[in-house]
Amino acid sequence: MTTSGQDWDTAGPERLYVITGGRSQSGEQAALDLVTLIVTREESQLGMQPELAAILRICRSPLSVAEISAHLALPASVVGVLLNDLLADGRVEARAPAAKLPDIALIEAVIDGLQKL
Amino acid sequence: MVSRSSDPVTEPRREDQLPSTASTAVKIVIVGGFGVGKTTLVRSVSEIRPLTTEETMTEAGADVDDVSGIERKTATTVAMDFGRISLNEELVLYLFGTPGQQRFWFLWNGLFEGALGAVVLVDTRRLEVSFDVIGRLEEAEVPFVIAVNAFPDATSYLAEELRSALDLPEQVPIVVCDARQRASSRDVLITLMRYLRSSAQTSETL
């Protein structure tokens, strides 16, 4: 007995191609940063692509793009393509990382936080 | 709950969930040669068990032995370990430990972009690895500090000896750390942040 999952390398290019519908992140949409925080706005629907449903499930509390990539075991750029779909549908919210330095208030906040460790 | 064995999705543990108020993330990149202790440092300060993200890199096969004369591209999957520190209810710090093959560090799309800065973890027994990465950080204008992970059997260099060996400007901080110790790793990060603060203050008064 074989399951379909054994017919291909789970991390191979074929799987990634199917998941993204052959699209890559380089397009009109801006690439999401590894530390952009993603939060679910609308729960998944029946019949939704499993990877999209998984993102909506794990992002009920905020998670970075890097963490989503780790939990889904998918490359960050593939996760980026999926997130752009969810963002376009308004199913998730993206919280952009802090803007470029120098920002003394931000630096102070990081120092304060580290000192409490 | 029955989970299919083919389903690779893992869920964040309940205690690892960020508060819903988490609104802004920042990142610091830990660079250094293979085996120097990058993941050790990340693990010692991270509030979550380090996770691994991956990316597929394509690079032209220019430096690959190629006698055919045909332009080749090689795809390589590069994995990177990272950890997380919640600094307060809104602010989250991510620490990325770069993978061993340094030619990939700067190919990783957006890894250094927007990063607060970098920690160069140095093994004094293999300074040449640090030399190359320092040059690249300077080129990319990523501020960095040097942290010497004090392996018990490493030759103890004086900071100034190391500074001249690595050809570093005098303002770049050099600290000795024990990456296994949470407090020591935290102090390295604080050193980087204080350095950023003093640089920012200097540029403001100019």
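Select chain B and colour it by burial: of its 206 residues, 34% are buried. Keep in mind throughout that this is a predicted model.

Trace the chain along its sequence and the elements come in the pattern β-α-β-β-β-β-α-β-α-β-α. If you draw the contacts within chain B, counting those between residues at least 6 apart in sequence, 73% of them link residues at least 24 apart.

Next, move over to chain A and pick out its strands. Three of them form an open sheet in the order β2-β1-β3, with antiparallel pairing. The edges of this sheet are β2 and β3 (92–95) of chain A, each of which pairs on one side only. Select strand β1 (residues 37–40) of chain A together with β3(A): the two run antiparallel and are joined by four bridges. For a detail here, show A:T40, which stands opposite A:V92 in β3(A).

Finally, show both chains and turn to where they touch. How many residues does each chain bring to the contact? Chain A contributes 39 residues and chain B contributes 44 residues. On the chain A side, highlight α2 (50–58), β2 (63–64), α3 (65–72), α4 (76–88) and α5 (104–115), each supplying at least two residues. With eight residues, α5(A) gives the most to this side. Colour the chain A side by residue type and you will see 25 nonpolar, 10 polar and four charged residues.

Definitions and conventions
Residues numbered from 1 in each chain as written. Chains lettered and ligands numbered in written order. Predicted model: local features only at pLDDT ≥ 70, side-chain atom pairs only at ≥ 80, totals over all residues. Contact = placed C-beta atoms within 7 Å. Nonpolar A, V, L, I, M, F, W, Y, C, P; charged D, E, K, R; others polar. Pairing = 2+ DSSP bridges. Buried ≥ 20, exposed ≤ 12 C-beta atoms within 10 Å, placed from the backbone.
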